[in-house]
Amino acid sequence: MKLAPRLTLIFFLIAIVPLVIVGVATYEISRQTLLRQTMNHLISTNILKEAELNRWIEDGKKHLERLAGRPLLRERFASVMQADADNSADPAHEKDHQQIVADHLAPYLATGGFLEVFILRPGDGLISISTDAAQEGKYQENQPYFVEGRKGTYVQNVTYSQSLEQGVMTVATPIRDRQGNLIAVLGGRFDLGELTRIIEQGRGLNQTEDTYLANKFNFFVTESRFGKSFALKKTVNSEGVIAALRGNDGIGLYLDYRGVPVIGAYNWLPNRELCLITEIEQSEAFAPIVRMGWVVIGIALAIALAAALIAFLFARTITRPVQQLVEGAGEIGRGNLDCKVSLSTGDEIGELSRAFDCMTTELKTTTVSRDELAREKDFSDSVINTLPGVFTLFDEERRCIRWNRNLEQFTEHSAEEMSRMTLRDFFSQEEQKLVAETIEQAFIEGEASVEANLLTKSRRSIPLYLTGMRIKIGDRNLLAGVGMDITERRRAEDQLKKALVDLERSNKELEQFAFVASHDLQEPLRMVSSYTQLLAERYEGQLDEKAKKYIAYAVDGAVRMQRLINDLLTYSRVATRGQSLETADSHALLGEAIRNLGAAIDESQALITTDDLPTVHVDPAQLVLVFQNLLSNAIKFRGEDFPRVHVSASDAGREWAFAVTDNGIGIDPQYADRIFVIFQRLHTRLEYPGTGIGLAVCKRIVERHGGRIWFDSEFGKGSSFFFSLPK
Amino acid sequence: MRRIACLFWIVALLITVVACERQQEKRALDEVTVQLKWVHQAQFAGMYVAQEKGYYNQEGIQVNFLEGGQGIDNAQAVISGRAQFAVTTPEDVLISRSRGAPLQAIAAIYRRSAVVFQAMADSHITRPQDFPGKTVAPGGEGGAVRDFEFQFYALVRKLGLDLSKIKVVPYDSKYTAFIKGDVDVTAAFSTGGLIFLRQEGLKLNLIWPSDYGIHFYSDTLVTTDETIKEKSGLVTRFLRATLKGWQDAIQNYEEAVAITLKYARVKDPQFQTAMMESLLPLVHTGEDHIGWMKPEVWQGMYDILLEEKILNTPFEVNQAYTMRFLEDVYGGVTK
C-alpha cells in the first residue's frame, strides 16, 4: 500500500476507533437509561392499571350494594315476587317489572359500569327481572356468583358465557328484607368493554404501548391494541404472560403475541386470576436512542472523514517529494546519471535528496571505473579463452574459480559442474598425489610444472603439460594453471625413441658385421699374399718376367686389399673401439699427429703452423687421428708450392670450432656431398694413393663427439676443413 | 490423587446415567387404545397434541386411537375390552351404569354441553317457552345425537312446557328443512352444526339448555371399574398426559389445529379452526381445572335421565364417576 492511502487510512482509523468506542459506550449507557425509564414507566402503568381495575370493581360492588340496600327496591320487588308466585298474567304486573327496571336498575347501568343489572330468584337462580329482557327466564342456579351472592357480595372473575358468546364478569349481592331474610340476589354484569377502556386509557401517549389482561388459560380478557375481538377468543403465549401465569411480577424484553420485540411489564393479579400486561415495542422505546445512534455515527463519520482528508493532504506534502525522489531514482536506474533531484525543502526529505544527489555523483565516477573494469574483464576473458591450452584459476582450497572455454571443452563438464569441482577431480587416483604435490610446490615456490593426464567426464584421458604459477589477487593466494595438450609431442617422442632404438640396433649390427668381416677377411688375404710372396721367393729365377709381373700384381692386390680392410676396421672401430672421453689438450694431440706424420712432412717439406688450441673433452686417440688424417690430406693434395698448413681453433659459444687450412689443390664444391663418404675418391690411385677412408673416419669421429665437420674450398686455391667439438 | 478421585466420580456418574437410560429404554410402553367419540377432528385436539408432543410416551404409554362414527357403540368398545379408554357422553356412562355395565367417568373434557337449540333470528323464538306451537327437530334414533333428545325433553319437563303443542320432527344433520323454514327450531352442536349454519350466513337465535338449569357435560373420558382397580397408575398417567395435551391445545390452539390436521378427516384448516374456537369455552370454562367434575352436575344429569326414564334402574350416581384421578393429577396445583 502506498504511503498516502496508508496514512489516510491510519488517520481515519485513529479518528474513528475512539469515536466508535465513545459512541458505542454512549449508546449503550443511553440505551440502559432509556430502558430503565421505559421499564419504570411500564411498571408504574401496571400499578396504576391494577389500582384502576380494583377501584372499578370496588365501585361496581359499592353501587350494587347501595342498590340492594334501597328500601324502595326491596318493597317493590317483594310485591313483584308475590305476583310472580301467583303466576299472574296481569298487565299491571308486567308494568311493575318494567317500572322496577326503569326506576331502579337501569340508572345503575351507567353509574356502576354494568352491561346488565338483574335480580335472581333466591331459590332457583331464575332471572326474574333484568335490564336485558332476553335474559329473563334463564336459570343461574349453578353460577358461583349466585351461590356465593346469596351469602354476601361476591365478584365472579371473568368467564366465558356460552349463551352470551362473550366473556363476563359478574358481581352479586343479596337483597334482604328488614328482618334480614334473603329475598333475592342482585346481580350486575360488568361491561368488559368498559374494562378494556380502563385498561386502554393512557395508551395514547405512545404509538405502540399496549395494556391488556389475560386469563389463566392465556386468553385475552380485554382487547389488545393490535387485535380485533381477541377477548376470550385468542390466546397469548408470550414470555410475559407465561411468567405472570407462574405467579411472577416482572419486566422483560421478549416477543409479544404478534412476534414483535417488545419491552413488557407483567403482573399476576391473584384475586382476579388475571395477568396484567403492559408492553411497548422496542423499536418505539428505543427510537430516540436509535436517532441518537445515527447522529453519533454521522458525527463520527464526518470527523473521521475530515481526519482522513487532513491526513491525505498531509501525506501529499510528504509523498510528493518522495515521489520526486522515486522518479529521480528511476531515472538513475535507467542509466541517466546526470539526473538531479535537488529538492529545496529543509526537512529530512530535503536532506535525503541532497544525499541522493551526492550519491549520484559518486555513482557516476564509480560507474566509469566499473565500465573500465568490465572492459578489462572482457579482455582477460578473451585472453583466457584464446589460450591454446586449458586455463584455470583456483584458490587455496583447490576450487576452480575461473577457467577458459577449452577446459570445459576438454573435460566436457558444464560451467555449473566446474564450479563445484576441485582440481583433484580432474585426475586419476594414481596421479592425484603427484598433481597435489606439484600444486603444493607451486603455492610454496611460486611455480611448478608436471605432466599429467586430464580425465574427462567420459573418462578419457588427455596428456597435459601443466604449469602452475602462484599469483596474488587482493589478499588471496591463487594459482593460475595452464595446461598444454602434449598428445602430439608424446606421439612424436615415442616414434623417435623407437626409431633411435632401431637405428642403434642396426648400427651395432653393421659395425659388428664390418668388424667381423674385415677381421675375418684378413686371414685369407694374408694367405694369398704370403703364399704369392713365398712363390716368388722359391721360384726366384725360374720365373719369367711375365710371371714375376703377375705375382707382383697379385701381391699388390692383396696388399691393397689388406689396406682396405684395415681402413674399414679403423672406420668401424671409431664406434666399436672408441675410448671414453677425457679432458685433453688439443695442442698436444696435434703434436702427436705431426710426429706420426714425421716422414711425410719431412719428405714434402711441409710447414705446419698452429695457433693456441683449447683443452677439449675428447677421446684423445681419435682426435689425434682426425688431426692426422686432415694434415695428411693437406700434405697429400699439395699444389706446386710446398705445402703450408695452419691449424686454429675459435670459440663458437657452446662449442669449439677447429680449422685446418692448407694451400693445396682445393676441392670442387660439387663434391661436397661425396667427400666424407667412405672409400670415395676424387682422383685415381695413380694420381693420389689412398683408399678414401680418411675423411669418412674424421666425420665419424667428430660426429661421435657430437660435433660437425664441413669444409670451405675454392678449386685450386687450397681448402679449409672445419670441425666443431662441444665444450 | 484428586484427579483420580475426580475421574472415579465421573465414571461412576456416567455409569449411573447410562444405566438409568437403559432402564428407561427397557421399560416397555403400555399400549393403550382409545375409542374416540367421532371421526378424527379438532374435537379431540388435546389428545393429538399429547400424542404428537410425546406426553403419552413420557408417561410410558403408547396410544392408539379408534375412530368413532355412525353405529359405533363407544361404551361397548371399552366394556368389551377393545379399548381401555373412550371419549363418550356422560349419558352413555349413566345409561351403561344403570344397566350394570362397569363404566366410570374419570374426567369431563367438555364441561359444558355443546348442545344448542337454534332458531332463525327473525323468528322471535328466543327461549324454550317459545317452543309451543312450533316445529322442533331435537333428535333422531340412537347414536350421538341422543344428547339432543335428552336435553330437549329435560327442558320441556323443567320448564313445564306443553309437549303436545310442540311438533317434534327428527333431526336432520343437513338442516335442509330448517334452512327452508319448514322447521322452526333445530338442535345442533355448537362445535359442528352451528359452525356450518353460520358459515352458510344464517343469523340465529341460540337457546342453551344450560341457561335453563339443564347442565350436561359433553365429552367425558371413561374407562372400566376393572382398569381403575387393576391399573390405577396407568389411568393416572393417561389422564395426566391427556389433560396436559388439552392444556397446550387451549393455550396455543392454532398449533393444536395444525397438529389436528395430521389426523383430521376433513383437512380444512378453516373448519378445524372454527371447531377449535367453538370448543375452547367448553373445555376451559373459566372455572376450575380442565377436566374437573362436580358432583352436583352428575347428580343433575342423573336426575334428568332418571326422570325421563332413560335410566331404568336407580343407582348411586357416584358409581358413575370418580374424582380420584383428577385429584391425583392436580394434587396441590391451584391453577
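## Where chain A meets chain B

Across the interface of chain A and chain B, the rule finds one salt bridge. The model is predicted. The bridge joins B:Asp211 to A:Lys138. Their closest N and O atoms are 3.1 Å apart. That falls within the 4 Å cut-off for a salt bridge. On the side of chain A that touches chain B, eight residues are nonpolar, 10 are polar and seven are charged.

How many residues of each chain are in contact? Chain A brings 25 residues and chain B brings 31. The size of an interface is often given as the accessible area lost when the parts come together. Here the buried area is about 2500 Å². Carbon and sulfur atoms give 47% of that area. In chain A, the residues losing the most area to chain B are A:Tyr139, A:Gln162 and A:Phe217. Together they account for 29% of what that side buries.

### A helix pair in chain B

Two packed helices are described by the angle between their axes and the distance between the axes. Helix 5 and helix 13 of chain B come within 10 Å, axis to axis, and cross at roughly 65 degrees. Their crossing is right-handed. The table lists the residues that meet.

| Helix of chain B | Residues in the helix | Residues in the contact |
|---|---|---|
| Helix 5 | 90–98 | B:Pro90, B:Glu91, B:Val93, B:Leu94 |
| Helix 13 | 295–307 | B:Trp298, B:Met301, B:Tyr302, B:Leu305 |

Seven of these contact residues are nonpolar, none is polar and one is charged.

Definitions and conventions. Residues numbered from 1 in each chain as written. Chains lettered and ligands numbered in written order. Predicted model: local features only at pLDDT ≥ 70, side-chain atom pairs only at ≥ 80, totals over all residues. Heavy atoms only, no water. Axes fitted to C-alpha atoms, helices over the stretch in contact; angles between N-to-C directions. Helix = DSSP H or I, 4+ residues; strand = E, 2+ residues; numbered from the N terminus. Left-handed = near helix turned anticlockwise from the far one by under 90°. Contact = heavy atoms within 4.5 Å. Nonpolar A, V, L, I, M, F, W, Y, C, P; charged D, E, K, R; others polar. Buried area = accessible area lost by both parts, 1.4 Å probe. Salt bridge = Lys/Arg side-chain N within 4 Å of Asp/Glu carboxyl O.
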